[in-house]
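Please consult the sequence and the structure shown below while reading.

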Amino acid sequence: MRNINWLNFTNSVDILIGGSPCTDFSLIGLRRGVSGNKGELIYHYADAVKQIKPRFFIFENVTGILSHSTNPFGILLSKLLGTKYPLQPRGKKWKNYGF
């Protein structure tokens with residue numbers, strides 16, 4: 001994911017399904033969040049969506065992505081929307097978003 005030129009696929013994909021590995025978000029994993037080697041791939045997935053511009057996309061991961069202290073879900077949403085700062089959940093974690 002780190003070395004692919006996603007612009008080669010711009011407007012040629014109807015649905016993009018993927019996500020970053022769950023190990024850095026999972027409750028039974030390493031819990032490094034977006035600072036982990038695998039968790040930081042969330043940024044690359046967001047770049048892929050923005051550059052490919054699919055009609056639809058599905059981001060698949062574990063529920064820990066909604067409660068991790070590094071706010072990976074808020075980071076993903078902000079990258080997709082182009083906002084300057086990560087979106088923040090009401091309360092301490094995102095609830096009922098896609099699950």
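## The loop residue P21

P21 lies in the loop between β1 (15-18) and α1; helices (H or I, at least four residues) and strands (E, at least two) are DSSP runs, numbered from the N terminus. Because its relative accessibility is 31%, P21 counts as partly exposed, a class between buried (under 20% relative accessible area) and exposed (over 50%), with a 1.4 Å probe and protein chains only.

Leaving aside neighbours within four places in sequence, P21 is in contact with K38, L41 and N61, where contact means heavy atoms within 4.5 Å. The C-alpha atoms of P21 and G64 are separated by 12 Å, although the two residues are 43 residues apart along the chain.

## Basis of the model

This is a predicted model, in which local features need pLDDT of at least 70 and side-chain atom pairs count only at pLDDT 80 or more, while totals for chains, interfaces and linings use all residues. Residues are numbered from 1 along each chain as its sequence is written, and side-chain values use heavy atoms, leaving out hydrogens and water.

## The nonpolar core

The largest nonpolar core has 17 residues; such a core is a set of buried Ala, Val, Leu, Ile, Met, Phe, Trp, Tyr and Cys residues joined through side-chain atoms within 4.5 Å. Residues with the most contacts inside this core are L16, I42, Y45, F59, I65 and L76. The largest share, 6 residues, comes from α1.

Leaving aside neighbours within four places in sequence, L76 is in contact with I42, Y45, A46 and F59.
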